[in-house]
Amino acid sequence: MTAEPSTPLLTPVLGDLYALQVPIPYPMKYVTVLIDRPRGGPVTMIDTALDTPEARQAIEDGLGALGLHWSDVDRVIITHHHPDHYGLAGVVEERSGASVHMLDVEIGRGERYWHLWEEWLPGHLKHMRDHGLPAESLNDMGADNRRGRERVHPATRVQPLREGQHVTLSGLEWEVLWLPGHADGHLGLWNEQESVLIAGDAILPRISPNVGLYAYTRPDPLGDYLQTLGKLEALNPARAVVGHHGPVMEGVQARARELRAHHHERLDFMKAEAARESRSAYDLSLVMFNRELNVSGRRFALAETLAHLEHLRLLGQLYRTWNEARGVWLYHA
């Protein structure tokens, strides 16, 4: 086994696999980037953080603590396409020639989003407007999306991984899992021998992963996520490496049950609110997230509220009607 690195933000996980906490300008403060440095084998990075000067420096320092440089990275595996996990993938690719890998499901929509961003943004904003976002908020949300896009340096070539495949990390075989909900093609890596799961944002210890319905996502992300929670509960890993508030957590099975109960409570709440008064998803988001939120937070709140409402609609427990006068969808019982 390799010697322990000196930096406190670099945590040994298993054998030659280390978790690096990289700063991000979001409430979570850090995102986990994994670095695998096996002797005589390819160096792998799992997730890459946001493309900011601070993140670049933190990754450079983490690599240095392990006796590595950017050019030593042979392979990058991305858990999902969100900016704080995918942002620097193109930089690593440029500096090292590393191959970049992502679940096949995620390449077709999530990863493609960054290459077609300018074309897709109008549809993304229309989706929000159709569900009640006030016109005066659209410009702010568009600007917020643009800031996020500026922190993503997408890879030029992404190679697909498929559910059920195996990859080698730290001399062990890890099974590729599909854990949708937080992102359509969210990838996990599972080593049964050590009962360790590389979970990304599929499960988190202190917050509920955002499960939102956007213009380019699958139609029922909450339904997907409830199935993912069932899968995590059945796996019952002894430890999981998580994207935020970790880097390592235990009690995954209990946390999966807790998150399922949390979402069912929200579903009951949304069903009762929509039955009480016909409203748009945005109006209902103000009830479900009844607190001050910034532009980004309100976007997440609307998308998450919409995911709950659409799950209920697809189950036949709610309906929606287009209100021509307001130009919005209204949800009702």
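Here are the stops, in order.

This is a predicted model, where local features need pLDDT of at least 70, side-chain atom pairs count only at pLDDT 80 or more, and totals for chains, interfaces and linings use all residues. Residues are numbered from 1 along each chain as its sequence is written, and side-chain values use heavy atoms, without hydrogens and water.

**The domain**

Select residues 28-244. UniProt lists them, in an unreviewed entry, as "domain: Metallo-beta-lactamase"; such annotations may be inferred rather than shown by experiment. This stretch is 38% helix and 24% strand. Helices (H or I, at least four residues) and strands (E, at least two) are DSSP runs, numbered from the N terminus. The end C-alpha atoms lie 6 Å apart.

**α7 and α8**

Select residues 221-235 (α7) and 252-276 (α8). Their axes, lines fitted to C-alpha atoms over the stretch in contact, come within 8 Å and cross at roughly 155°. The pair is therefore roughly antiparallel (over 145 degrees, between N-to-C directions on a scale from 0 to 180). Now show side chains. Contact means heavy atoms within 4.5 Å. Among the α7 residues that meet α8 are Leu222, Tyr225 and Leu229; the α8 side includes Ala256, Leu259 and His263.

**α9 and α10**

Move to residues 281-288 (α9) and 295-314 (α10). How are they angled to each other? At about 105°, with axes 8 Å apart. They are therefore roughly perpendicular (65 to 115 degrees). Tyr282, Leu286 and Met288 are among the α9 contacts, and Leu302, Leu306 and Leu309 among those of α10.

Methods: Angles under 35 degrees count as roughly parallel, over 145 as roughly antiparallel, 65 to 115 as roughly perpendicular and the rest as oblique.
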